[in-house]
Amino acid sequence: MEYVRWLEEHNKQINELRTAVHTHAGDDDLQNIVSTIMTHHEEIFRLKSLAAKSDAVHVLSGTWRTPLERCFLWLGGFRPSELLKLLVDQLEPLTEQQLANICNQQQTSQKSEETLSQGMEAIQRSLADTVASQLGRAGSSSSSGNTADHTAEALEKIGAMESFLRQADDLRMQSLQKMQRVLTTRQSARALLLASDYFSRIRALSSLWIAREVRALLSLDWDRPLRATTASKQIRDHAVAGAASRPRSVLFNGNCFSFPATDGELGLVAVEAAAAAATEEKHKTNRPVG
């Protein structure tokens with residue numbers, strides 16, 4: 001919820017910046033908006049730091065983001081070196097000195113990213129070893145005490161992930177700040193617009209992909225003999241009978257999609273009946289379901 005609120009405010013600021021750039025606003029006006037956006041980025045890193053202290057695994061998995069965004073996550077966020085590469089490729093014209101500074105910064109970021117990645121991998125390997133060390137001792141007379149000790153040790157290692165998440169966010173914020181010092185005010189404004197557009201397109205692609213899956217479910221032909229199994233018919237009849245009291249939305253892959261009344265009812269039927277039909281047919285025929 002905090003991220004949704006942050007993103008809404010971020011989009012407002014980006015739209016204000018875009019308008020200022022397109023209307024050729026003065027450098028002072030642009031700098032004020034750029035500074036506001038940078039302060040807003042500091043706020044999301046502050047919120048993530050608080051969340052990581054409470055639940056490092058939640059922040060590491062990035063469950064508040066779209067599925068496609070999560071494919072690109074590095075320690076709970078974007079890779080600074082990838083953002084810098086985007087600027088080098090898309091932000092023109094850059095002077096030779098600016099290009100050299102950004103490339104040096106990119107190399108430094110890559111080294112820091114590798115160090116943090118190795119540290120996180122070491123924690124994960126150690127955690128796996130701690131969990132595995134108890135597998136062969138279950139049921140022994142001393143297993144209860146050892147299990148408690150190893151559980152405490154495992155939880156401590158999970159908590160240690162918070163430090164790496166915080167360092168990763170520090171690296172992200174430092175990269176944004178260094179970028180701003182290298183670029184002119186107008187270039188900084190364009191860089192923030194580029195970064196925002198890049199992440200917005202990833203979110204849009206993720207929504208399109210999920211909507212494609214939902215449309216596929218809604219288009220299933222429930223009258224075909226192969227699909228008209230006893231389980232799916234029962235679920236369908238039950239869902240249609242209770243449609244008036246059901247919400248007009250479908251929760252699919254962690255995302256909520258709203259539909260008109262008829263589609264909402266059919267969508268719920270599709271999700272439930274598809275799962276039931278697939279399970280029943282797999283057990284009966286022992287072959288992949290089309």
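Colleague: Happy to look at this with you! To start, in which loop does P93 lie?

Modeller: This is a predicted model, and in it P93 sits in the loop between α5 and α6 (96-132).

Colleague: What makes the peptide bond that joins E92 and P93 cis or trans?

Modeller: The omega angle of that bond is about -5°, and the bond is a cis one.

Colleague: Let's turn to H24. How do you know whether H24 is buried or exposed?

Modeller: Exposed means over 50% relative accessible area. H24 has 66%, so H24 is called exposed. The residue is found in the loop between α1 and α2, and its phi is near 55°, a positive value in a residue other than glycine.

Colleague: And what makes L75 count as buried or exposed?

Modeller: The cut-off for buried is under 20%. L75 has 10% relative accessibility, so L75 counts as buried. Its loop runs between α4 (67-71) and α5. L75 also has a positive phi, near 50°, though it is a residue other than glycine.

Colleague: Now the helices. How do the axes of α5 and α8 cross, and at what angle?

Modeller: The axes of α5 (residues 80-90) and α8 (residues 185-218) come within 10 Å and cross at roughly 115°. The crossing of α5 past α8 is right-handed.

Colleague: Which residues make the contact?

Modeller: From α5 they are L83, L86, L87 and Q90, and from α8 they are A191, L194, A195 and Y198. Contact here means heavy atoms within 4.5 Å.

Colleague: What volume does the largest pocket have, and which residues are closest to its centre?

Modeller: The volume is about 610 Å³. There are 31 lining residues, and R65, F78, A195, Y198 and F199 are the closest to the centre. A195 and Y198 also take part in the contact of α5 with α8.

Colleague: Which elements give two or more residues to the lining, and which gives the most?

Modeller: Those elements are α1 (2-22), α2 (27-54), α5, α7 (143-182) and α8. The one that gives the most is α8, with eight residues.

Colleague: How does that lining split by class?

Modeller: It has 16 nonpolar, six polar and nine charged residues.

How values were computed. Residues numbered from 1 in each chain as written. Predicted model: local features only at pLDDT ≥ 70, side-chain atom pairs only at ≥ 80, totals over all residues. Heavy atoms only, no water. Axes fitted to C-alpha atoms, helices over the stretch in contact; angles between N-to-C directions. Helix = DSSP H or I, 4+ residues; strand = E, 2+ residues; numbered from the N terminus. Left-handed = near helix turned anticlockwise from the far one by under 90°. 1 Å grid on protein atoms, 1.4 Å probe; cavity = no way out; pocket = protein on both sides within 12 Å on 5 of 7 lines; lining within 4 Å. Points joined across faces, edges and corners; volume = space filled by probe spheres on them. Nonpolar A, V, L, I, M, F, W, Y, C, P; charged D, E, K, R; others polar. Buried < 20%, exposed > 50% of the residue type's maximum accessible area, 1.4 Å probe, protein only.
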